[in-house]
Amino acid sequence: MEGCNVNGNTDEEHIYPPLAFTFGWTVGMTTLLDAGADPFCALILALYYKDDFALSSLLEYDCALFSSQQHISKIRPYNRLHSYNSILSFALGLHEATAKAKTLITGRLVGHRRRLTDWAAAMFSSVERQNACMETISDGRLLDRFAKPVVLALCRKGSVVPNVLWPGERQRSVYHDPNMTLLIAEQLYSGGFRSVDDLDEDGVTPLQIACTNVDVHKERWELISWYLDKGAMPHFRNPNRPKNCFLAISFSLRNQMITDIEESAESVIRRILRRIYDLCRSAIVDSCLCYCSTYGCTPVQLLHKRYGWDWERRSAKFEKWAYLNDFTPMQKESCGEELCRLEIFERLGMAHTCCYAKPKPLARGECLVPSDEECHELREEDSNFSHTLELYMSIYRRLRREHVGPFSNFWCDWWAAINDILPKEDRGSHSTSSNDYVPSIGEIRLSVQSKLRNYKVEDCEDVPLDSIGIFL
Ligand SMILES: [Zn+2]
Ligand SMILES: [Zn+2]
């Protein structure tokens, strides 16, 4: 093979490097690797083809686990590495990667980082360690977020750090991954990666990322719970995201059909939601100013805002949310009132001046608030609508006060009456005239009361409305 390029060319026509043809043929693989073949692209293919034996052989050969510029090819499948920091991230995000493959890579990563940490511990004095953010390595922990500055400091000292120990370009912890699983997190932690609550370059913690990626499956919730067990802070500091775990989860669930949660996952999710609520209950309203809410966005607004679902699906979602959160009658009343405000607001075609999801391709989980100037303008434009909205709400409150039955009966009949009066389309888009679809107050009252008259009052349990507080 003297004089040959053992790496071949990976371009549009040749996506397989020579190493890929040695999968299952250990002698051939070792020969190429000994001759200097770069195992990085072959690792990706081994993951794609679920070839754990080839993966294991390549990893044993001390392959680098973090991408550097030279590895990033523009062709498929290698171009996907642009969005991943490391082979572990790539494997976590790859449907084809087996559980064994992920565990093998995690084990290797721990091994590499142990070598780097021990090396740094031997090379730097305790004073130097403090200066270079390396104080954490003294208690047996592995270097994580600060691994890159440590490598650079080692280079400045004249050390030649092998490529295999390169910790990646980005200054973030190994937990900063949208596809992190509980199993891998546990393996990383027991291997020595103990900083589960570090900030990345954007000021985001792994717990925030987990909240952003929460869905109807219990695994994501269990990871959130695990971060909390390990001492992660439930309150966040990044200004462009919901400010705590509970708000972040509500925001993320806006596009999830929580009514689809499987029965087996329900008890887990309910337990974890209860725990998160207890941790965040002092700050469950944000500081947004919008006609859609009374005091700022609450979880119920974040859960429903601007998602364009019809009332039937929206109210089913609300029922499920109330069940998952184990709402007291009072909490359900106050959340229902806020949801009612939001629904009428959007059906009237009013414009939000509160936080909203950043459109693609910007970061998932981030929320924006329109500029002060824009908010001011929108609120001015909607001032007529806001009077209409307030009228609807005052009728809602008055009828609820007059009604002696349980909230659920009132809620059903209120919507049965109001649904036909409110516009059904154009949800979220701005209407031009405040007189569109606005019935007279008498009309609304009559319509609702005709429904309410059907109650058998003696069957109903009375809920004292005076004591109803805001859901805080
Ligand atoms: Zn709003
Ligand atoms: Zn908000």
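## Exercises on a predicted model

Helix α14 spans residues 311-324, and its 14 residues reach 20 Å from the first C-alpha to the last, close to the 20 Å expected at 1.5 Å a residue.

**Exercise 1.** Find which residues of α14 are buried, and state how they are placed around the axis.

Solution. 
- Step 1. R314, K317, F318 and W321 are the buried residues of α14.
- Step 2. These residues cover an arc of only 105° around the axis, so they sit on the same side of α14.
- Step 3. An α-helix has 3.6 residues a turn, so residues three or four places apart point the same way.
- Step 4. Their cover includes α13 (299-304) and α15 (329-347).
- Step 5. After α14 comes D326, with a positive phi near 55°.

**Exercise 2.** Compare the span of helix α18 with the expected value, then list its buried residues.

Solution. 
- Step 1. Helix α18 covers residues 407-418, which makes 12 residues.
- Step 2. From first C-alpha to last, α18 reaches 16 Å, close to the 16 Å expected at 1.5 Å a residue.
- Step 3. Buried in α18 are F407, F410, W411, D413, W414 and I418.

**Exercise 3.** Describe the largest nonpolar core and locate it relative to domain 1 and domain 2.

Solution. 
- Step 1. The largest nonpolar core holds 104 residues, and L43, A210 and I224 have the most contacts inside it.
- Step 2. With eight residues, helix α2 (residues 40-48) gives the most to this core.
- Step 3. Domain 1 (200-346) and domain 2 (382-427 + 438-471) both contribute residues, so the core lies between them.
- Step 4. Leaving aside neighbours within four places in sequence, the contacts of A210 are M180, R220, L223, I224 and Y227.

**Exercise 4.** Summarise the protein as a whole.

Solution. 
- Step 1. Its secondary structure consists of 19 helices and two strands.
- Step 2. Of the 472 residues, 37% count as buried.
- Step 3. Taking contacts between residues at least 6 apart in sequence, 69% join residues at least 24 apart.

Technical notes
Residues are numbered from 1 along each chain as its sequence is written. Chains are lettered from A and ligands numbered from 1 in the order in which they are written. This is a predicted model: local features need pLDDT of at least 70, side-chain atom pairs count only at pLDDT 80 or more; totals for chains, interfaces and linings use all residues. A nonpolar core is a set of buried Ala, Val, Leu, Ile, Met, Phe, Trp, Tyr and Cys residues joined through C-beta atoms within 7 Å. A residue is buried if 20 or more other C-beta atoms lie within 10 Å of its own, exposed if 12 or fewer, and partly exposed in between; C-beta atoms are placed from the backbone. Helices (H or I, at least four residues) and strands (E, at least two) are DSSP runs, numbered from the N terminus. Domain bounds come from an automatic or database domain assignment. Two residues are in contact if their C-beta atoms, placed from the backbone, lie within 7 Å. The expected span of a helix is 1.5 Å times one less than its number of residues. The arc is that of the directions from the helix axis to the C-beta atoms.
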